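Dear colleague,

Please find below the structure that I am handing over to you, with its sequence. My findings follow it, and I would be grateful if you read them with the model open.

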Amino acid sequence: LLKSEEAYVKELKPEIVYMQIVQATFYFKDNTTLYIWADNATYNNKTLDMKFEENVKANYLSSKLYAEKADYSNTENFLSIYGDVKINDLKGNLVADKLLFDITSQKLDITSFNDGKVNAKVKLNEKRF
């Protein structure tokens, strides 16, 4: 589900929808939901690919994510989040340059351009009530 306050197309590329103040909702087969907000986005109405830019925020389960950009590729089945990525979760926090989630294999790659180091604080063996 994709909503925006304002949207337009350009005559030369009518398959690309340019949007401002955007909210996207992804519903997964396991009954979980991913919400993404951004100031700007583009949507390709032929491939269903989406690009989110500026002030990107996302919520998934108990995780909150912040980044500069996020790309959803329907054609290649991945979600890429990059540019000053921060994740806050009950289990810990993460700071990285890029996250690449392969939707098909359910695999997450975390990249840092800062000497290859990812800043993460994770709580292990935490008791939940």
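Helices, of at least four residues, and strands, of at least two, are DSSP runs that are numbered from the N terminus. On that basis the protein has 0 helices and 9 strands, and from the N terminus on its elements run β-β-β-β-β-β-β-β-β. Please bear in mind that this is a predicted model.

**Overall composition**

The protein has 129 residues, of which buried residues make up 29%. Among contacts between residues at least 6 apart in sequence, 28% join residues at least 24 apart.

In soluble globular proteins, nonpolar side chains tend to be buried together. The largest nonpolar core here holds 24 residues, and those that touch the most other members are Phe 26, Ile 36, Phe 52, Leu 65, Ile 81, Val 85 and Leu 99. Two or more residues of this core come from each of S2, strand S3 (33-44), S4, strand S5 (63-73), strand S6 (78-89) and strand S7 (92-102).

Thr 25 belongs to strand S2. Its relative accessible area is 6%, below the 20% cut-off, so Thr 25 is buried. With neighbours within four places in sequence set aside, Thr 25 is in contact with Leu 1, Thr 33, Leu 34 and Tyr 35.

**Aromatic pairs**

A search of the whole structure gives 4 aromatic pairs. One of them joins Tyr 8 and Tyr 18: the ring centres are 5.4 Å apart and the planes lie at 15°, so this pair is stacked. The pair links distant parts of the chain, since Tyr 8 is in strand S1 (residues 2-10) and Tyr 18 is in strand S2 (residues 13-27), 10 residues apart. Tyr 8 is partly exposed, at a relative accessible area of 39%. Lys 10 lies over the face of Tyr 18, at 4.9 Å from the ring centre.

Tyr 35 and Trp 37 form another stacked pair, with ring centres 6.1 Å apart and planes at 20°. Tyr 35 counts as partly exposed at 32% relative accessibility, and Trp 37 counts as partly exposed at 31%.

**Asn 59**

Which residues does Asn 59 touch, not counting residues up to four places away in sequence? They are Thr 33, Leu 34, Tyr 35, Trp 37 and Lys 64. Asn 59 is placed in strand S4 (residues 50-60) and, at 23% relative accessibility, counts as partly exposed. The C-alpha atom of Asn 59 is separated by 10.0 Å from that of Asp 89, which is 30 residues away along the chain.

**The largest pocket**

The largest pocket contains about 870 Å³ of space. It is lined by 33 residues, and the closest to its centre are Tyr 60, Ser 63, Ile 87, Phe 101 and Leu 108. At least two residues of the lining are supplied by each of S3, S4, S5, S6, S7, strand S8 (107-111) and strand S9 (119-122).

With kind regards

Definitions and conventions
Residues numbered from 1 in each chain as written. Predicted model: local features only at pLDDT ≥ 70, side-chain atom pairs only at ≥ 80, totals over all residues. Heavy atoms only, no water. Phe/Tyr/Trp six-rings, centres within 6.5 Å; stacked < 30°, edge-to-face > 60°. Buried < 20%, exposed > 50% of the residue type's maximum accessible area, 1.4 Å probe, protein only. Lys NZ or Arg CZ within 6 Å of the ring centre and 35° of its normal. Contact = heavy atoms within 4.5 Å. Core = buried A, V, L, I, M, F, W, Y, C linked by side-chain atoms within 4.5 Å. 1 Å grid on protein atoms, 1.4 Å probe; cavity = no way out; pocket = protein on both sides within 12 Å on 5 of 7 lines; lining within 4 Å. Points joined across faces, edges and corners; volume = space filled by probe spheres on them.
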